[in-house]
Protein chains: 2
Amino acid sequence: VTAPSAKRSDVTVHQAEPLNLEPPRRVLVDHALTPTDAFYVRCHGPVAELDPTAWRLTVDGLVERELELSLADLHARGDVREVVATLQCAGNRRADLEEVREIPGELPWGPAAAGTARWRGVPLAGVLADAGVGHGAAHVAFLGADLVEEGDPGQPFGASIPLAKARSPEVLLAWEMNDAPLAPSHGAPVRLLVPGYVGARSVKWLQRVTVTDRPSANFFQARSYRVFPPGDDPDRAPADHGVALHDLAVNSAILAPGDGERVRAGRLEVAGYAIVGGGRRVERVDVSVDGGASWTLAELLDDLGPWAWRRWRAEVDVPPGRREVVARAWDSAADQQPERAETVWNPKGYANNAWARVRVEAEA
Amino acid sequence: VTAPSAKRSDVTVHQAEPLNLEPPRRVLVDHALTPTDAFYVRCHGPVAELDPTAWRLTVDGLVERELELSLADLHARGDVREVVATLQCAGNRRADLEEVREIPGELPWGPAAAGTARWRGVPLAGVLADAGVGHGAAHVAFLGADLVEEGDPGQPFGASIPLAKARSPEVLLAWEMNDAPLAPSHGAPVRLLVPGYVGARSVKWLQRVTVTDRPSANFFQARSYRVFPPGDDPDRAPADHGVALHDLAVNSAILAPGDGERVRAGRLEVAGYAIVGGGRRVERVDVSVDGGASWTLAELLDDLGPWAWRRWRAEVDVPPGRREVVARAWDSAADQQPERAETVWNPKGYANNAWARVRVEAEA
């Protein structure tokens with residue numbers, strides 16, 4: 001196990017092979033930028049161990065010139081930049097959906113399958129401009145180095161994003177995370193970073209960038225990472241029944257207190273994060289201890305820009321007894337999270353953005 | 001009353017002065033593009049009657065060159081284009097919020113305060129490029145010709161949008177709607193068109209475009225058109241308690257059958273529209289006649305592009321008795337509408353995107 005995160009004894013190992021790690025919630029509360037060793041790790045295949053000096057990126061498809069770029073080529077470009085961005089796993093908060101109904105074969109992520117880092121790299125847009133985007137181009141597809149048996153058939157992990165997003169300046173070919181070279185578990189030597197999208201599109205161990213006229217036919221774009229209607233069998237339903245995930249809908253999580261925690265009745269500090277994609281902003285977070293009958297406005301902490309979560313805190317009055325603490329975020333479209341996990345439930349358990357809820361036992 | 005819409009006997013006149021008209025729901029079902037005489041009209045002040053030959057648009061603020069443009073100047077530009085776009089009033093579907101709690105002083109719009117048209121004009125982006133956007137620019141503000149007493153103090157209706165949106169190619173200085181010159185009630189001779197945003201930002205009778213470093217201080221941007229928390233008095237609360245509306249959150253409406261309609265039990269055709277802003281797409285509409293326990297996937301009709309609503313239809317089985325028909329839309333971020341109007345309710349009654357509901361009396 002090569003992930004730095006695995007060195008922490010407080011990390012939840014959802015799976016060892018492929019490696020899937022979730023940090024403790026408290027660490028996310030305590031840091032504006034998530035320490036790399038507490039950043040969730042989501043893999044579908046083995047962690048690739050690539051020689052950075054031998055690494056090459058192929059840029060092909062509907063381009064005027066195919067490119068083959070080394071890490072040194074990327075470093076030498078004039079447009080190196082940093083972006084602070086949150087990645088959120090499509091399965092983040094799945095555990096709450098599993099309380100509604102079982103989701104067999106998927107990992108029971110809590111609300112810490114999300115983290116925020118400072119990423120350094122070059123905009124994909126500049127590399128695409130160098131290659132010359134050709135007529136009919138509409139999407140850009142990506143392939144990693146990890147051969148994934150879960151794909152049907154087995155294939156490297158892949159994804160695609162619309163060309164307009166690929167040309168947005170926040171989308172990076174990234175080689176640094178929090179001022180250090182990428183760890184193997186985070187996609188070294190170079191990964192794609194697609195801020196505002198589900199983590200699955202930020203392909204690790206990037207090998208190939210292909211400009212195309214349609215979305216990728218890779219298993220993880222064409223079949224998986226889709227929100228199917230509740231009654232569908234996602235292995236058999238027509239793919240277009242499922243909504244292919246990209247932009248993140250507004251979401252929030254309560255990181256403290258923990259679910260089931262015993263607390264002192266009276267003033268209680270509640271803390272968490274809220275996030276939304278699409279360049280929208282988190283505008284407000286409300287916290288309730290009476291099931292939504294009344295709400296306390298949370299304080300929004302450090303503003304890290306349009307691609308990062310907003311951490312928040314609130315103080316609420318909790319009467320003695322078993323209580324549920326609820327949080328909901330609003331974005332700049334005045335969109336709020338759905339109230340109940342029951343209405344969000346879907347066969348693969350993706351994109352849970354129902355109101356965040358933790359139960360506490362408040363002692364007088 | 002100069003609005004073409006007022007010639008229809010079936011239009012609801014919410015207010016005669018200022019003019020506020022809502023068409024019958026059935027018309028919106030029957031047309032992919034809303035006939036101009038059935039397009040909602042929202043005014044805060046008198047309908048301006050401007051001489052198109054005398055009309056001039058001033059472009060100023062943080063620009064390298066101030067411009068003064070005539071309608072002929074706009075017509076003569078090389079970048080004239082058409083955009084099919086839906087406008088949705090921020091108060092659309094307010095009537096459903098008023099069933100939760102009264103909203104005094106606001107118009108009780110039903111779900112037909114939205115319409116889709118083909119708009120012809122020139123991208124604002126090109127005009128801004130000609131003026132030369134200066135250092136520190138971050139927003140673009142707009143002023144109309146209508147003096148509005150409701151403003152505090154009285155002032156022309158105004159708005160602003162972020163510079164990035166102003167530079168997006170779908171934002172037009174528009175002079176035609178459905179292949180005819182704009183009617184006075186729709187902002188003749190030239191209005192702003194901001195697809196994907198609440199209608200209030202598409203300033204009518206446009207007089208002035210001002211590049212600025214901050215959002216407009218105009219009453220309708222700085223104080224009104226904000227979603228305040230339920231407990232706030234919006235006239236007194238700090239403005240930043242309210243979320244200033246721009247991008248539309250995912251929304252839908254049931255246009256047929258009508259609320260309270262008697263229908264035949266058995267197969268029932270349900271029809272409506274769904275919409276979302278931000279360039280997101282409507283991906284799915286679900287219809288339920290059992291309160292959300294089971295859902296029928298609606299058929300999505302003509303795709304008019306990323307800035308237009310998606311009309312839909314579904315056939316459901318309705319048992320005899322009093323029934324509620326429910327619809328919810330999902331967008332390309334897998335975001336769905338909130339379930340209950342109670343959680344959407346806000347003091348000014350804006351941006352109602354709760355599940356659409358109509359009651360029917362199904363006769364055996």
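Chain A contains seven helices and 24 strands, where helices (H or I, at least four residues) and strands (E, at least two) are DSSP runs numbered from the N terminus. The radius of gyration of chain A, taken over C-alpha atoms, is 20 Å, close to the 21 Å that the globule rule gives for 364 residues, so chain A is as compact as a globular protein of that length. The globule rule is 2.2 Å times the number of residues to the power 0.38. This is a predicted model, in which local features need pLDDT of at least 70, side-chain atom pairs count only at pLDDT 80 or more, and totals for chains, interfaces and linings use all residues. Residues are numbered from 1 along each chain as its sequence is written, chains are lettered from A in the order in which they are written, and side-chain values use heavy atoms, without hydrogens and water.

- The C-alpha trace of chain A spans about 70 × 45 × 40 Å along its principal axes.
- Buried residues (under 20% relative accessible area, 1.4 Å probe, protein chains only) make up 59% of the 364 in chain A.

**Chain B: an open sheet**
- Five strands form an open sheet with mixed pairing, in the order β17-β24-β23-β19-β20 (chain B); strands pair if DSSP finds at least two bridges between them.
- β17 (261-264) and β20 (296-297) of chain B are the edge strands, each with a single partner strand, so one side of each has no neighbour in the sheet.
- Seven antiparallel bridges join β23 (residues 321-331) of chain B to β24 (residues 356-363) of chain B.
- E324(B) has R359(B) in β24(B) as its bridge partner.

Note on methods:
Buried < 20%, exposed > 50% of the residue type's maximum accessible area, 1.4 Å probe, protein only.
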